[in-house]
Amino acid sequence: DSQQLELATSGKRKLRRFIVIDEVVDELYGSKVREYFEENNVQHKILALPTTEETKSMDLVLNILQEVQNFSIDRRTEPIIAIGGGVCLDIVGLAASLYRRRTPYIRVPTTLLSYVDASVGAKNGVNFLQCKNKLGGYTPPVASFLDRSFIQSIPRRHISNGLGEILKMALMKHKGLFDLLKSHGKYLLDTKFQSYSSSADHRDAALQTTRIAIETMLEELAPNLWEDDLDRLVDFGHLISPELEMRVLPSLMHGEAVNIDMAFMTYVAHARGLITAVEKEQIIQCMRGLELPVWHGGCSWSLIKRALRERLKHSGGQPRMPLPTGIGVAEIFNDTSEETLERAYQLWVRD
């Protein structure tokens, strides 16, 4: 709207921004964020909150909305900004989508997992009744600002956690990405995804890895943004992990739970004859190289059966099970027998 643009850029009205930032990120970068808005003469309110899976609730959404109401924003020209990990981006996205039916928001991911996963796509949500993301919607941000320098301050385990989601895309869609992870995984962990021109051996593996992960994710999400088609390769690692993650909170992070799910499903693919023993071992060894867990005691056979029953409820009565049919290629299957699943589970536990 030309009139709104004129108003925003004419200097007649001071720019205003409401920012929600994770409290840990605020400790590390809050002073820089405040300095940025002050130098650009932007009137701002920064709300620092604990954004974790345990606090990812409707109560926190309502707290944010109370503060938004007190600050008073123009929902046409003043987007809410979320700075933090995936939980922060999810919570703020839901809050923005509810405020005056839809207020624009901007995502600024600060963890590797949110950089390659939560920053992409339209979904947002919160946990409800001990179920992961049970309440939510599909409201894409007006922008995602990606800056890998945030990632240098997160712990090594968080880097590994993000690598779980990157590996998902590699196994489903891109053997070249799998090869990058196999060859440069330890380097990426050691350097925390920062780019160094002096390391010719690694050819900016951080940039290549994140770019391919995001591009393959977008290829999958863009044609099916509202999930009208329930056959989704990006669901790999997400059949059992929601149940497992919520059951053992806070011992497993999201990417770790996803990887445990993927490890089991790799055994299922092998039990079905979709991948060879060599390919199965390559996948498991790559997971270990990325310092990801490949098994968890909480992932019992009864939990797996319960999680797959839940899956049927929310996927049109079909399991819609994405499985690798090689490395970097996959298909959706609806005919995996319980006998095959149990055989795969026993082999998985044995190994």
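Is the crossing of H7 and H8 left-handed or right-handed? I find that the crossing of H7 and H8 is left-handed, a crossing being left-handed if the near helix is turned anticlockwise from the far one by less than a right angle, and right-handed if clockwise.

I note that this is a predicted model, in which local features need pLDDT of at least 70 and side-chain atom pairs count only at pLDDT 80 or more, while totals for chains, interfaces and linings use all residues. Residues are numbered from 1 along each chain as its sequence is written, and side-chain values use heavy atoms, with hydrogens and water left out.

**Entry on H7 and H8**

I looked up the geometry of helix H7 (residues 175-191) and helix H8 (residues 205-221), and their axes lie 10 Å apart at an angle of about 135°. H7 is therefore oblique to H8 (angles under 35 degrees count as roughly parallel, over 145 as roughly antiparallel, 65 to 115 as roughly perpendicular and the rest as oblique). Helices (H or I, at least four residues) and strands (E, at least two) are DSSP runs, numbered from the N terminus; axes are lines fitted to C-alpha atoms, for helices over the stretch in contact, and angles run from 0 to 180 degrees between N-to-C directions. On the H7 side the contact (heavy atoms within 4.5 Å) is made by Leu 177, Leu 180, Leu 181, His 184 and Leu 188, and on the H8 side by Ala 205, Ala 206, Gln 208, Thr 209, Ile 212 and Ala 213. I sorted the residues of the contact of H7 with H8 into eight nonpolar, three polar and no charged (Ala, Val, Leu, Ile, Met, Phe, Trp, Tyr, Cys and Pro count as nonpolar, Asp, Glu, Lys and Arg as charged, and the others, Gly among them, as polar).

**Entry on H3 and H4**

For helix H3 (residues 58-71) and helix H4 (residues 86-98), I find axes that come within 9 Å and cross at roughly 60°, which means that H3 is oblique to H4. This crossing of H3 and H4 is right-handed.

**Entry on H12 and H13**

H12 and helix H13 (residues 338-350) pack with axes 11 Å apart, at an angle of about 140°, and are therefore oblique to each other. I have their crossing as right-handed. Trp 301, Ile 304, Lys 305 and Leu 308 of H12 make the contact with Glu 338, Leu 341, Glu 342, Tyr 345 and Trp 348 of H13, and the classes here are six nonpolar, no polar and three charged residues.

**Entry on the backbone**

I noted a cis peptide bond, with omega about 0°, that joins Leu 249 and Pro 250; Pro 250 sits in the loop between helix H9 (241-247) and helix H10 (254-271). Glu 291, a residue other than glycine, has a positive phi near 60°, and I place Glu 291 in the loop between helix H11 (277-289) and helix H12 (301-314).
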